[in-house]
Amino acid sequence: MADSTEILAGLAEIVEEVAGIDTAEVSADKSFVDDLDIDSLSMVEIAVQAEDKFGVKIPDDQLAELKTVGDAVSYIEKNQ
Amino acid sequence: MSFQLPAPVPGARIIGLGSTQPEHVVTNDDLALRVETNDQWIRDRVGIVERRIADKDTSLVDMAVEAGSRAVLDSGLAPTDIDTVLVATCTMTAPIPNAAAQTADRIGIKAPAAFDLNAACAGFCYALATGADLIRAGSAKNVLVIGSEKLSDWIDWDDRSTCIIFADGAGAAVVTGAQTPDEVGVGPVSWGSAGDMAPVIHILEDTTGKLFQEGQSVFRWATTKIAPVALDAIAKAGLTPADIDVLVPHQANLRIVEAVAKRLRKEGARDEMRVADDIVHSGNTSSASIPMALDHMRTAGTVRSGEIALLVGFGAGLSFAGQVVRVP
């Protein structure tokens, strides 16, 4: 089980690989769409990689609810 | 008492390719006049710069005839040498008559076995597998396999999530028998379906009759499930990913194409493997996209005769199919 710090670090690596955004930019308060400029298809790629990395399921309807990096971290923490 | 059966043939190979596109080009800026979108948004999401749309007087049979005739000419056979015609399509506006029989007649093919096959965007790979196996079983000698689509008849031009993607066109291949193992040019098919996901791409059953697609779900499915199909097709042919010279996936979305290529490279495909990106100037033409992309690449000189191409189609159904082929 990863704690929230580890999840944030792991998620930041995925975001960097998928969207080319520096890991330092990926903090809990950032909105994926408005702050990080990540589109809906890249969100799917991030979700797929996060599923593999953290052993969670992130269906498309849930994915739409994850507005910020912090939302994603807490969802993964609760569901891993 | 036993039935007499035709002698089986060792394998099949492609000996001709052809394709056609409508003349009318629709740019992203053209679409931005009609729906809330812009050139950059479309390029970023799907990788399309322009697409070809048929006029109202051009049918998918017209395009099938053109692509099919070119493939027959390229093969060196006469139309009368063809004994079976398969048209992969999912956009006929009426269920009967089928496209294959009238297409064959207009090409000058005499009384062939002729039928349509609907596996949507996987249709060409399904039809190629079917044609190759008809030859192996001795049911056919020379098969004309065509993918022809007029998606524009089914597009909601006010739906910005789909009208930017789909387009019209046709592509075709002539398949014949291979008598020795070295001659075999169509590998075993890896195919299947996921009917539980049928609703994610469908034609609306109400009076609008327009195509609907749940883009995110399709993207997730295609970027995770299709590379394994491609890898299975490679393995079934006794090859490895490093043997693939050119990857020709269905041209659904450039980002899906790139995701499949990336995954294959992780599994050993070479960096130099060429990857079809015909969608950029052709849009998504469903069952026509694979033979059209291969034909365009051959004309441009980016693939050469004898090279190994990996074809993989996927789409509504959901359905999927892939095989390796030797470029004619």
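**View 1. The open five-stranded sheet of chain B.** In this predicted model, five strands of chain B make up an open sheet with mixed pairing, and their order across the sheet is β1-β7-β6-β4-β5. The edges are formed by β1 (11–20) and β5 (113–117) of chain B, each of which pairs on one side only. From one strand to the next, the twist averages 20°.

**View 2. The pairing of β4 with β5 in chain B.** Strand β4 (residues 84–88) of chain B runs parallel to β5(B), to which it is joined by five bridges. Within this pairing, Val85(B) has Ala114(B) of β5(B) as its bridge partner, and β5(B) is one of the two edge strands of the sheet.

**View 3. Helices α3 and α5 against the sheet of chain B.** Helix α3 (residues 60–75) of chain B packs on the sheet, where it touches β1, β4, β6 (142–150) and β7 (168–178) of chain B, and the direction of this helix makes about 125° with that of β1(B). Helix α5 (residues 123–137) of chain B lies across β1, β4, β5, β6 and β7 of chain B, and runs at about 160° to β4(B).

**View 4. The contact between chain A and chain B.** Seven residues of chain A are in contact here with nine residues of chain B. Helix α2 (residues 40–54) of chain A supplies five residues, the largest share of the side of chain A that touches chain B. By residue class, that side of chain A comprises three nonpolar residues, one polar residue and three charged residues.

Terms used:
Residues numbered from 1 in each chain as written. Chains lettered and ligands numbered in written order. Predicted model: local features only at pLDDT ≥ 70, side-chain atom pairs only at ≥ 80, totals over all residues. Contact = placed C-beta atoms within 7 Å. Helix = DSSP H or I, 4+ residues; strand = E, 2+ residues; numbered from the N terminus. Nonpolar A, V, L, I, M, F, W, Y, C, P; charged D, E, K, R; others polar. Pairing = 2+ DSSP bridges. Axes fitted to C-alpha atoms, helices over the stretch in contact; angles between N-to-C directions.
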